[in-house]
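Subject: Structure handover

Hello,

Here is the structure I promised you. Please open it first, then read my notes beside it.

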Amino acid sequence: MSPDELTLARLASSPLDGVDAETLNRLAAIIERVDPVPAGLVESIGLALTIDALETEVAELRLIGAPDLALRSEEPSIEAATITFTTDVLTVMITVHAEADRVRVDGWATPAASLGVELHQGGLVTRTQSDADGRFSFSDLGRGPARLVLRRPEDPELPVVTPQIEL
């Protein structure tokens, strides 16, 4: 073993003392200040695990290009007027109309059917039903990250979930 490896082995085998704990606490505070956990990350992880458990059909967002200066600590999100999500079983197009701090979302799903549609924003879930042509809307929404969950009448236990977008 090299001298550095011996030092590391000795440190690893000895218990932490008060100085070690204080040093680790200070390091954690620096990391939190410089590179904090992105807002919504814990919820996103929880949703991802739930989706896996439900064997959910996840809609794919087709994005061309990415911000050149995106930072690791920023939650990936997209702000756009019209967005299309696709899966093998459903295609959803939404149009986002923003005025100041309020947003309206108009959507259309194909194949046409009456679908249960949920809009998830943090812990808030807003529900609606699409018409027989697959059209739906949400109005007077707050700005911020959101995702859609759509339930088809032929398979309501297998929802279609979109990636998170920024309203």
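Predicted model: local features only at pLDDT ≥ 70, side-chain atom pairs only at ≥ 80, totals over all residues.

**Overall layout**

The protein has three helices and 11 strands. Read along the sequence, the pattern is α-α-α-β-β-β-β-β-β-β-β-β-β-β. The protein has 167 residues, and 26% of them count as buried.

**Helix 2**

Helix 2 covers residues 18–34.

Strand 3 (residues 82–86) and strand 4 (residues 91–99) run antiparallel, joined by five bridges. A hairpin of four residues links strand 3 to strand 4. Find Phe-85 here: its opposite number in strand 4 is Val-92.

Strand 4 also runs antiparallel to strand 5 (residues 102–110), with nine bridges between them. Ile-94 faces Gly-107 of strand 5 across the pairing. The hairpin between strand 4 and strand 5 has two residues between the strands. In that turn, Ala-100 has a positive phi of about 55°.

Is strand 6 (residues 116–121) largely enclosed or open? Five of its six residues are buried, so strand 6 is largely enclosed by the rest of the structure.

Strand 6 pairs with strand 7 (residues 124–129) in the antiparallel sense, over six bridges. His-120 has Val-125 in strand 7 as its bridge partner. Strand 6 and strand 7 form a hairpin, again with two residues between the strands. Gly-122 in this turn has a positive phi of about 60°.

Strand 6 has another antiparallel pairing, with strand 9, over five bridges. In it, Gly-116 stands opposite Arg-151 of strand 9.

**Arg-147 and Thr-162**

Arg-147 is in strand 9. Thr-162 is in the loop between strand 10 (155–161) and strand 11 (165–166). Are they buried or exposed? The cut-off for buried is under 20% relative accessible area. Arg-147 has 15% relative accessibility, so Arg-147 counts as buried. Thr-162 has 3%, so Thr-162 is buried too.

The side chain of Arg-147 reaches the backbone oxygen of Thr-162 at 3.5 Å. The side chain of Thr-162 reaches the backbone nitrogen of Leu-148 at 2.8 Å.

**The cavity**

How many cavities of 30 Å³ or more are there? The count is one. The largest cavity holds about 40 Å³ of space. Strand 9 (residues 145–152) gives the largest share of the lining, with three residues. By type, the lining has seven nonpolar residues, one polar and one charged.

Best wishes

Key:
Residues numbered from 1 in each chain as written. Heavy atoms only, no water. 1 Å grid on protein atoms, 1.4 Å probe; cavity = no way out; pocket = protein on both sides within 12 Å on 5 of 7 lines; lining within 4 Å. Points joined across faces, edges and corners; volume = space filled by probe spheres on them. Nonpolar A, V, L, I, M, F, W, Y, C, P; charged D, E, K, R; others polar. Pairing = 2+ DSSP bridges. Expected span 1.5 Å × (residues − 1). Buried < 20%, exposed > 50% of the residue type's maximum accessible area, 1.4 Å probe, protein only. Polar contact = N/O pair within 3.5 Å; in protein donor to acceptor, adjacent residues only side chain to side chain.
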